[in-house]
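Reader: I'd like to go through this model and ask where each label comes from. Can you set the values against the cut-offs for me?

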Amino acid sequence: MSKIFTPTNQIRLTNVAVVRLKKAGKRFELACYKNKVLSWRNNVEKDIDEVLQTHTVFTNVSKGQAAKKEELIKAFGKTDETEICREILSKGELQVSEKERHSVMDTQMNSIINSVAALCVNPETRRPYPSTIIEKSLKDAHFSIKPNRNTKQQTLDAIKLLKTHMPIERSRMKIRITFAAKKDYGPKLQESILKMAASVEHEEWIESTLQITIFIDPGNYRAIDDLVRNETKGKGLVELLELKDVVEAEEIF
């Protein structure tokens with residue numbers, strides 16, 4: 001009986017989600033587990049083994065055709081397939097049916113809407129907007145989902161777009177900063193901190209130590225923390241008092 005010959009560069013896989021990337025005039029594909037690609041892109045899933053069915057780069061998943069080494073070198077400049085898989089997962093397009101595509105986009109849109117509602121307030125009232133208002137405003141602003149960007153990135157895109165259509169801003173953090181008012185850095189550090197503050201709640205000298213309580217935009221927290229640590233050589237203190245400066249609406253029964 002003659003043996004059946006199976007090409008060594010063919011791997012048969014079923015029930016897969018395919019991520020595709022065109023590079024150097026060639027199509028490259030990954031065989032992934034369904035529902036795992038978006039989890040990876042949103043940093044929910046961090047184990048690549050839970051995303052990939054195999055650490056193999058394909059030219060055609062459905063036919064089981066694996067990419068050749070020379071094709072990988074030409075397109076990616078390397079043959080490490082796990083590293084190439086990471087690039088394709090990040091930049092590639094997830095191949096799904098039209099029904100699945102709408103379901104994925106609806107889920108991602110709802111996540112973005114809820115994230116914006118949780119992170120932002122009306123600057124005039126300091127109250128959060130209902131998610132229904134955020135949803136309507138995003139539709140009016142013609143916001144659309146970009147499949148290759150994760151939810152966090154698109155939430156920031158949505159906030160930026162909404163600022164051109166309605167009064168909205170990131171809710172503020174309340175922090176307290178304490179450091180010795182030494183002549184070599186004290187006045188300069190105080191000035192730099194106040195420039196990054198949205199508002200000052202309290203400023204007090206306690207003997208030779210300055211204590212400042214301020215509200216800041218969340219994006220300035222790391223800069224202030226680094227500034228205080230570097231200028232005081234680790235002796236200054238930055239405390240997070242409140243994550244969000246929000247006036248909660250009264251409950252109506």
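Predicted model: local features only at pLDDT ≥ 70, side-chain atom pairs only at ≥ 80, totals over all residues.

Reader: What makes a stretch count as a helix or a strand here?

Author: DSSP runs decide: H or I over at least four residues is a helix, E over at least two is a strand, and both are numbered from the N terminus. On that basis the chain has eight helices and eleven strands.

Reader: How do you know that β1 and β2 pair?

Author: Two strands pair if DSSP finds at least two bridges between them. Strand β1 (residues 17-23) and strand β2 (residues 26-32) have seven bridges, in the antiparallel sense, so they pass. One of those bridges links Arg-20 to Glu-29 in β2. The two strands form a hairpin with two residues between them, and Ala-24 in the turn has a positive phi of about 55 degrees.

Reader: And what about β1 and β5?

Author: They pair too, antiparallel over three bridges, with β5 covering residues 93-95. Val-18 has Gln-95 as its bridge partner there.

Reader: Why is Cys-32 called buried?

Author: Buried means under 20% relative accessible area (exposed is over 50%, partly exposed in between; 1.4 Å probe, protein chains only). Cys-32 comes out at 0%, so it is buried. Cys-120, at 3%, is therefore buried as well. Across the 253 residues of the chain, 37% count as buried.

Reader: What makes a set of residues a nonpolar core?

Author: The members are buried Ala, Val, Leu, Ile, Met, Phe, Trp, Tyr and Cys residues, joined through side-chain atoms within 4.5 Å. The largest such core has 21 residues, and Leu-30, Val-57, Ile-88 and Leu-89 have the most contacts inside it. Elements giving two or more residues to this core are β1, β2, α1 (37-41), α2 (69-76) and α3 (81-91). Of these, α3 gives the most, with four residues. Apart from this core lies another, of 16 residues, among them Met-173, Ile-193, Leu-210 and Ile-224.

Reader: Which residues does Leu-89 contact?

Author: Contact means heavy atoms within 4.5 Å. Leaving aside neighbours within four places in sequence, the partners of Leu-89 include Val-19, Leu-30, Cys-32 and Trp-40.

Reader: Why are β9 and β11 at the edges of their sheet?

Author: Four strands form an open antiparallel sheet in the order β9-β10-β8-β11. β9 (199-206) and β11 (237-242) each have a single partner strand, so one side of each is left without a neighbour in the sheet.

Reader: Where does helix α7 pack?

Author: Helix α7 (residues 186-195) packs on the sheet, touching β8, β9 and β10 (209-216), and its direction makes about 175 degrees with that of β8. Axes are lines fitted to C-alpha atoms, for helices over the stretch in contact, and angles run from 0 to 180 degrees between N-to-C directions. Helix α8 (residues 221-231) lies across β8, β10 and β11, at about 10 degrees to β8.

Conventions: Residues numbered from 1 in each chain as written. Heavy atoms only, no water.
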